[in-house]
Amino acid sequence: VSLGQTRYLSLPIPQSTSIATLLLPILTGIGIQISRPLLTQSTNRSTSYPSWLLPALIFILLTIYDTILTTLATTALIPSETQTCLLETRWDSMFHGHDVAALRRIQDTHQCCGLRSMRHKPWPFPDNHGADGCRNLYRNRTGSCLGPWRRDLRVNAGMVLVVAVVCWLVKVITILLIYRRRDNLSLRHGMRRDYVASLTNGDDTEDNGQAAARGRIEAAYRDEVTPEGNEEETVANGAPRRDRDRDGGMVVQPSSMHGHGNEWRN
C-alpha cells in the first residue's frame with residue numbers, strides 16, 4: 001500500500017525505501033526461521049561457537065536495517081522545515097519538468113490547485129493559462145495542495161515506521177521465547193537428573209541399611225550361642241552333682257559317700 005501511494009502521489013519518499021519496507025517482513029521471517037533451529041540446538045546456556053554466531057549476525061544486520069528505515073520514516077513523519085523542503089523540492093521538479101500526469105493526480109486526488117496557494121505553480125501551467133488557470137478550470141476547488149499532500153507523506157512515513165517497529169519487536173519476542181523455552185528445558189533436565197540421582201542414592205542407602213541389619217542379627221545370634229565345655233555345678237565338698245550331656249539334657253551322677261560303702265553297684 002505504501003509503495004503504491006508513494007508512486008501514485010509522487011511523495012518525496014525514495015522508492016528504495018518503499019521497496020526496503022516491503023522486503024523487511026520477508027527478510028525478518030527468513031532470519032527467524034534460520035536462527036530458531038540454531039538457538040534451540042542445545043538446552044545448555046554454553047552453546048558452541050558457531051551455533052550462536054549466525055543468529056547474532058542476522059539479528060545485528062536486521063537491527064541495522066530497522067534503524068535505517070526508522071530514521072528515514074521519523075524524518076518524514078515529524079513536522080519540520082525539512083519536511084516542507086522535501087515537498088517543495090519534489091513539486092518544483094514536477095512543475096519545471098512539465099510532469100502533467102503527476103501534478104494532475106495530486107490535484108485531482110485532493111481537489112486542490114497549486115502548492116502553497118491556488119496560484120502557486122498549479123496545473124494548467126501559468127505560462128499558457130495564467131496563474132488562475134486551475135481555479136478557472138475547476139471552480140469548485142478552494143484550497144492548495146500542500147496541506148493534504150503533507151498528510152499523505154506523514155501517513156506513508158508512519159506506515160514505514162510501524163513496519164520497522166513491528167519487525168523489530170517480532171525479532172526480540174522470538175529470541176526471548178526461544179531462550180525461555182531453553183531455560184524451561186534446562187530446568188526440566190536438571191530436575192530429571194536430580195530425581196535419578198535421588199533414586200540412586202536411595203537404593204544405596206537401602207542396601208547399606210539391609211547390610212547393617214544383617215550384621216546386627218548375626219552378632220545377636222553369636223552372643224546367644226555358648227561354646228561347649230566341661231562346666232560342672234559342685235556342692236560344698238567339691239563333688240560333682242550334675243552335668244549336661246551333649247544334647248543339653250541333665251544327667252544325675254552319684255555322689256561319693258566316704259566311709260559308708262553305699263555306692264551303687266551292679
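Which helix gives the largest share of the lining of the second largest pocket? Helix 3, with 6 residues. Keep in mind that this is a predicted model.

Let me stay with that pocket. Its volume is about 200 Å³. The lining has 16 residues, and those closest to the centre are Ser35, Leu39, Pro55, Phe59 and Ile175. Three helices each put in at least two residues: helix 2, which spans 15–39, helix 3, at 49–77, and helix 8, at 146–224. By residue class, the lining has 11 nonpolar, 3 polar and 2 charged residues.

Thr70 is partly exposed, at 24% relative accessible area. What does Thr70 touch, leaving aside residues up to four places away in sequence? Leu161 and Ala164. Val162 is 92 residues from Thr70 along the chain, yet their C-alpha atoms are separated by 8.6 Å.

Now helix 5, residues 100–110. Ala102, Leu103, Ile106 and Gln107 are buried there. Viewed down the axis of helix 5, the buried residues fall within an arc of 125°, so they line one face of the helix. Just after helix 5, Gln111 has a positive phi of about 50°.

That brings us to the cysteines. How many disulfides does a search of the whole structure find? It finds 2.

Take Cys112 and Cys145. They are joined by a disulfide, S to S 1.9 Å. The link is right-handed, with 105° about the S-S bond. Cys112 sits in the loop between helix 5 and helix 6, and Cys145 in the loop between helix 7 and helix 8, so the pair ties together parts 33 residues apart in sequence. Buried or exposed? Cys112 is buried, at 1% relative accessibility, and Cys145 is buried at 0%.

Then Cys113 and Cys134. Their sulfur atoms are 1.9 Å apart, forming a disulfide. The torsion about this S-S bond is about -65°, so the disulfide is left-handed. Cys113 is in the loop between helix 5 and helix 6, while Cys134 is in helix 7, 21 residues away. Cys113 is buried, at 0% relative accessibility. Cys134 is buried too, at 0%.

Counting bonded cysteines along the chain, the pattern is 1-4, 2-3.

Two further cysteines to note. Cys85 is partly exposed, at 45% relative accessibility. Cys167 is buried, with a relative accessible area of 7%.

Note on methods: Residues numbered from 1 in each chain as written. Predicted model: local features only at pLDDT ≥ 70, side-chain atom pairs only at ≥ 80, totals over all residues. Heavy atoms only, no water. 1 Å grid on protein atoms, 1.4 Å probe; cavity = no way out; pocket = protein on both sides within 12 Å on 5 of 7 lines; lining within 4 Å. Points joined across faces, edges and corners; volume = space filled by probe spheres on them. Helix = DSSP H or I, 4+ residues; strand = E, 2+ residues; numbered from the N terminus. Nonpolar A, V, L, I, M, F, W, Y, C, P; charged D, E, K, R; others polar. Buried < 20%, exposed > 50% of the residue type's maximum accessible area, 1.4 Å probe, protein only. Arc of directions from axis to C-beta. Contact = heavy atoms within 4.5 Å. Disulfide = S-S within 2.5 Å.
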